Amino acid sequence: MESPILEVKSLRTTFSSDNGTIPVVNEIDFHVNAQEVLGIVGESGCGKSVTSLSIMGLIPTKNGKVEGEILYNGENLALSSEKRMRKIRGNDIAMIFQEPMTSLNPVFTIGEQLIEAIHIHWKWPKKRAREHAVQMLKKVGLPRAEQLIKEYPHQLSGGMRQRVMIAMAMICEPKLLIADEPTTALDVTIQAQILDLMKKLNHETDTAIIMITHDLGVVAEICQRVIVMYSGKIVEEGDVRSIFKNPKHPYTIGLIQSVPDMREKKDRLYSIPGNVPKPGSIEVGCHFAPRCPYANERCKYETPPLFTFDNGQKVRCWLCEEGRDVVND
Ligand SMILES: Nc1ncnc2c1ncn2[C@@H]1O[C@H](COP(=O)(O)OP(=O)(O)OP(=O)(O)O)[C@@H](O)[C@H]1O
Ligand SMILES: [Mg+2]
């Protein structure tokens, strides 16, 4: 039986500014099953990172607000204290951040940070923790791991820091790992190595993974299910095979068409015309309508709900009302 480790219900994250309160993540619902790898895809600015920071309890309270439920093993993290969240972040849910410097402390060496994490989590003596840290750095493909643990974050290149952060996130074998564009900055061989490592972590320690990426190739390689986000909402959801074979939302279709196909030589790669709207700029209707080749009048004025197909695929598009599939039929 599949059981969810994380259930997100009506998550809404807003930021207040001079222009009022702007929703960046707007009523999203999804779940992650134990041991599952779930992908979240969407163009820049769709709210992927804000979703993950909301789950981790890391949205700045100064101007940000998180509403809805974030149930981790039944506990609502949206209501948990900062002390409790710190414990969850150290033991249960780890995150690989898009910007590697944010989670490494500049005043401690790489070794001090890794050893401290291992020591707190596993209660191992320092010597054993040190050996484990070195091994983990080797696993993420970092050369001269023995020296590296004596160095400070600023002494490393961006790609190296990213791999240290990946090691740090995996070292405590979290129950859930949120990986926000973990391999985008890395070259292809290292990227493949990191994905293998994540697959291994998923298989061997049953870590569930939320993989946030622009790269549909990464989704095909390691995810079982995928969520497509657009302008703060989920527009399509389903198992990876169905979505790749038969995408139904015009946005998903556009994303898949934008993937370079090695077999076909094209002069220019297709990209969806137009841009993701600024949060708060569209008030009514489907947010994708201004860019959608299939949009009609209704799309401009009525927000579509998620329609569910027999195979479980969910699509937020009027063209899919009552199980129709206008685009593919
Ligand atoms: N602290 C903040 N205050 C105000 N607006 C914010 C804040 N953080 C993010 N946003 C806005 O929220 C929107 C979504 O941002 P987010 O970083 O989640 O996008 P993303 O999908 O992760 O994009 P990318 O693929 O580029 O990483 C953007 O328009 C961004 O400007
Ligand atoms: Mg992001």
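**A loop residue, then the ligand sites**

Tutor: Leu306 is partly exposed, at a relative accessible area of 30%. The bands are these: buried is under 20% relative accessible area, exposed is over 50%, and partly exposed is in between, with a 1.4 Å probe and protein chains only. This is a predicted model, where local features need pLDDT of at least 70, side-chain atom pairs count only at pLDDT 80 or more, and totals for chains, interfaces and linings use all residues. Residues are numbered from 1 along each chain as its sequence is written, chains are lettered from A and ligands numbered from 1 in the order in which they are written, and side-chain values use heavy atoms, leaving out hydrogens and water.

Leu306 sits in the loop between helix H11 (297–301) and strand E11 (307–308). Helices (H or I, at least four residues) and strands (E, at least two) are DSSP runs, numbered from the N terminus. Ten residues along the chain from Leu306 is Arg316, and their C-alpha atoms are 4.2 Å apart. Arg316 is also one of the contacts of Leu306. Contact here means heavy atoms within 4.5 Å.

Next, Glu321. Its place is in the segment after strand E12 (314–315). Glu321 counts as buried, with 19% relative accessibility. Its side chain makes a polar contact of 3.0 Å with the side chain of Arg298. A polar contact is a pair of N or O atoms within 3.5 Å; within protein, one must be able to donate a hydrogen and the other to accept it, and residues adjacent in sequence count only if both atoms are side-chain atoms. Beyond its neighbours within four places in sequence, Glu321 is in contact with Arg298 and Phe307.

Gln224 is also a loop residue, placed between helix H8 (216–222) and strand E9 (225–230). Gln224 is partly exposed, at 40%. Asp239 is 15 residues away along the chain, with 5.9 Å between the two C-alpha atoms. Gln224 touches Asp239, Val240, Gln35, Glu36 and Val37, not counting residues up to four places away in sequence.

Thr183 is buried, with a relative accessible area of 4%. Thr183 lies in the loop between strand E7 (176–180) and helix H7 (188–205). Gln191 and Ile194 are its contacts, residues up to four places away in sequence not counted.

Now the metal. The magnesium ion is ligand 2, and its protein donors are Ser49 (OG) and Gln98 (OE1), at 2.0 to 2.3 Å. Ser49 belongs to helix H1 (residues 48–55) and Gln98 to the loop between strand E6 (93–96) and helix H3 (110–122), so the pair ties together parts 49 residues apart in sequence. Donors are N, O and S atoms within 2.8 Å of the metal (3.2 Å for Na, K and Ca); water is not among the atoms, so sites may look incomplete. Ser49 is partly exposed at 22%. Gln98 is partly exposed at 43%.

Ser49 and Gln98 return at ligand 1: of the 14 residues around that ligand, Ser44, Gly45, Lys48, Ser49 and Gln98 come nearest. A residue is near a molecule or strand if one of its heavy atoms lies within 4 Å of it. H1 gives the largest share of the shell, three residues. The shell divides into five nonpolar, seven polar and two charged residues. In that scheme Ala, Val, Leu, Ile, Met, Phe, Trp, Tyr, Cys and Pro are nonpolar, Asp, Glu, Lys and Arg are charged, and the others, Gly among them, are polar.

A polar side-chain atom of Lys48 is 2.8 Å from one. A side-chain N or O atom of His214 is 3.1 Å from one. A backbone N or O atom of Cys46 is 3.2 Å from one. The protein covers 66% of the 640 Å² of accessible area that ligand 1 has on its own. These areas come from the Shrake-Rupley method with a 1.4 Å probe; for residues, only the protein chains shown count as cover.

Last, backbone angles. Most residues other than glycine have a negative phi. Glu27 has a positive phi of about 60°. Glu27 is in strand E2 (residues 20–33) and is partly exposed at 38%. Glu173 has a positive phi too, near 45°. Glu173 is in the loop between helix H6 (158–170) and E7, and is partly exposed at 35%.
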